[in-house]
Amino acid sequence: MLAGALVGVLFFPLTHFFGIFLAVFGSVFPDMDHPKSFLGRYVPFFSAFFSHRGIFHSFWFLLVIGLLFSSSLYALVFILGMFTHLLLDGMTYQGICIPFIGRIRGFLRTGSFWEELFFIFLLVLLLFASIILIPIIF
Ligand SMILES: [Zn+2]
């Protein structure tokens, strides 16, 4: 979610809430297939039909969305938000599957100290980007 917000802030002025919202929405969208995720709690039927880290965590899905809606900047930030989610999930030990390559995994364990530290790093990066961009916008 923070990485999505970072994408939104980098592409849109801070006052452009809809653009930032779409980037954040894209960054939480893939976990809609998990019943306890931020979005998954609101659409519990999704996790009944789709396995976690399945189709919604697929680069094929990202590619199809990109090809269908690539002409819009709004779609681009949504896709970039989704991409940041896949990138960060790829950094976890559970990893994600990439077509023709297979499963990639990282060193971060979900809920670990290092994941919390990485979260703080992203938060600082987001605040820094926001503070830097405010004088440019106004
Ligand atoms: Zn995920």
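Biologist: Hello! In what order do the elements of the chain run from the N terminus on?

Modeller: Happy to walk you through this predicted model. From the N terminus, the order is α-α-α-α-α-β-β-α. That makes six helices and two strands.

Biologist: What makes the chain as compact as a globular protein of its length?

Modeller: We set one value against a rule. The globule rule gives 14 Å for 138 residues, and the radius of gyration of the chain is 15 Å, which is close, so the chain is as compact as a globular protein of that length. Along its principal axes, the C-alpha trace spans about 45 × 40 × 30 Å.

Biologist: How many of the residues count as buried?

Modeller: Of the 138 residues, 27% do. To be buried, a residue needs 20 or more other C-beta atoms within 10 Å of its own.

Biologist: Which residues touch the most other members of the largest nonpolar core?

Modeller: They are A5, L6, V7, I20, A23, V77 and F78, in a core of 22 residues. Helix 1 (2-11), helix 2 (17-28) and helix 5 (73-90) each give two or more residues to this core. Helix 5 gives the most, with seven residues. In soluble globular proteins, nonpolar side chains tend to be buried together.

Biologist: How do you know that V7 is in contact with A23 and V77?

Modeller: The cut-off for a contact is 7 Å between C-beta atoms placed from the backbone. Beyond its neighbours within four places in sequence, V7 is in contact with A23, V77, L80, G81 and T84, so each of these pairs lies within 7 Å by that test.

Technical notes: Residues are numbered from 1 along each chain as its sequence is written. This is a predicted model: local features need pLDDT of at least 70, side-chain atom pairs count only at pLDDT 80 or more; totals for chains, interfaces and linings use all residues. Helices (H or I, at least four residues) and strands (E, at least two) are DSSP runs, numbered from the N terminus. The radius of gyration is taken over C-alpha atoms; the globule rule is 2.2 Å times the number of residues to the power 0.38. A residue is buried if 20 or more other C-beta atoms lie within 10 Å of its own, exposed if 12 or fewer, and partly exposed in between; C-beta atoms are placed from the backbone. A nonpolar core is a set of buried Ala, Val, Leu, Ile, Met, Phe, Trp, Tyr and Cys residues joined through C-beta atoms within 7 Å. Two residues are in contact if their C-beta atoms, placed from the backbone, lie within 7 Å.
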